[in-house]
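Visitor: I am new to this structure and would like to be walked through it. Could we look at it together?
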Amino acid sequence: MKRFYVICVGLLIAICASAQYVPGNSSLETKGSRVYADGVLLDKSAAASCFSNLGGADRSEDYLKYRSAYKAGLGLTIGGASAVAVGSVTALVGLAATVVVAPAAALGGKEVPGKITGITIAGVSVMGIGVAALVAGIPTMSIYKKRIRDLSDSYNSQRKQGAEVSFGGQSCGVGLALNF
């Protein structure tokens, strides 16, 4: 009867210890640079603390760097898209003014004012800067988004391992070990 009680107590301890490691209890999801734990948005410090012990290494600083780089890429992408839009409108205004003013100037025997040509050149220049920002921003954002997702996947795979009970011979008898 004593053996039965010892076995029941051992199983109870093992079940209680493994309950906190049930898969899905602490799964992380990422959306951009944001980290969600079971659908709840984590702030920057809470998310970094999740990555403080991945595979025996502190990866919280990596997360903070990846998050910062992702946001820089996002800023470059938004700024680049805005510059392309503003440059396009400016260039179109300059071209439209050239189309309207050039025939009128030709009829009057005058040259096209340099300001109108300058507007077109400025618009095209701003578009070029916007395209360069897009070319830099989109890959930066994509790369660091993937790195944040990889950290999250590492965290989830580490947490899903759960508790492990092992039984084996030792130098002075038989042992039961609970690893989690």
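Visitor: Let me start with Val 89: does it count as buried or exposed, and why?

Guide: This is a predicted model. In it, Val 89 counts as exposed because its relative accessibility is 52%, and the cut-off for that class is over 50%. Val 89 is found in helix α3.

Visitor: Which residues make a nonpolar surface patch with Val 89?

Guide: Val 93 and Ile 119 make the patch together with Val 89. The area of this nonpolar surface patch is about 240 Å².

Visitor: What about Ala 91, buried or exposed?

Guide: Ala 91 counts as buried, because its relative accessibility is 7% and buried means under 20%. Ala 91 lies in helix α3, which spans residues 60–108.

Visitor: Which residues does Ala 91 touch, leaving aside those up to four places away in sequence?

Guide: Ala 91 touches Thr 120, Gly 123 and Val 124.

Visitor: How many residues apart along the chain are Ala 91 and Val 124?

Guide: Ala 91 and Val 124 are 33 residues apart along the chain, while their C-alpha atoms are separated by 5.9 Å.

Visitor: Let us change topic to charges. How many salt bridges are there in the whole structure?

Guide: A search of the whole structure finds 3 salt bridges. As background, side chains of opposite charge can pair when their charged atoms come close.

Visitor: Which residues are linked in a network of salt bridges?

Guide: The network links Arg 59, Asp 62 and Lys 65. Asp 62 forms a salt bridge with Arg 59, where the closest N and O atoms are 2.6 Å apart. The side chain of Asp 62 also meets that of Lys 65 in a salt bridge, at 3.8 Å from N to O.

Visitor: Where do Lys 65 and Asp 62 sit relative to each other?

Guide: Lys 65 and Asp 62 are separated by about one helical turn, because they are 3 residues apart in helix α3.

Visitor: Which of buried, partly exposed or exposed applies to Asp 62, to Arg 59 and to Lys 65?

Guide: Asp 62 counts as buried at 19% relative accessibility. Arg 59 counts as partly exposed at 27%, and Lys 65 counts as exposed at 53%.

Visitor: Which residue meets Lys 146 in a salt bridge?

Guide: That residue is Asp 150, and the N to O distance in the salt bridge is 3.0 Å. Asp 150 and Lys 146 both lie in helix α4, residues 114–159, and are 4 residues apart, about one turn of the helix. Asp 150 counts as partly exposed at 34% relative accessibility, and Lys 146 counts as partly exposed at 42%.

Visitor: Now the strands. How many bridges join β1 to β2?

Guide: Strand β1, residues 28–31, is joined to β2 by 4 bridges, and the two run antiparallel. Leu 28 has Ala 37 in β2 as its bridge partner.

Visitor: How many residues lie between the strands in that hairpin?

Guide: The hairpin of β1 and β2 has 2 residues between the strands, and Gly 32 takes a positive phi near 70° there.

Visitor: What is the phi of Asp 38?

Guide: The phi of Asp 38 is near 55°, a positive value in a residue other than glycine. Most residues other than glycine have a negative phi. Asp 38 lies in the loop between β2 (34–37) and β3 (40–42), and is partly exposed, with a relative accessible area of 44%.

Methods: Residues numbered from 1 in each chain as written. Predicted model: local features only at pLDDT ≥ 70, side-chain atom pairs only at ≥ 80, totals over all residues. Heavy atoms only, no water. Buried < 20%, exposed > 50% of the residue type's maximum accessible area, 1.4 Å probe, protein only. Contact = heavy atoms within 4.5 Å. Patch = residues over 30% accessible without salt bridge, like charges linked within 9 Å, V, L, I, M, F, W, Y side chains within 5 Å. Areas by Shrake-Rupley, 256 points an atom, 1.4 Å probe, with all protein chains shown as cover. Salt bridge = Lys/Arg side-chain N within 4 Å of Asp/Glu carboxyl O. Pairing = 2+ DSSP bridges.
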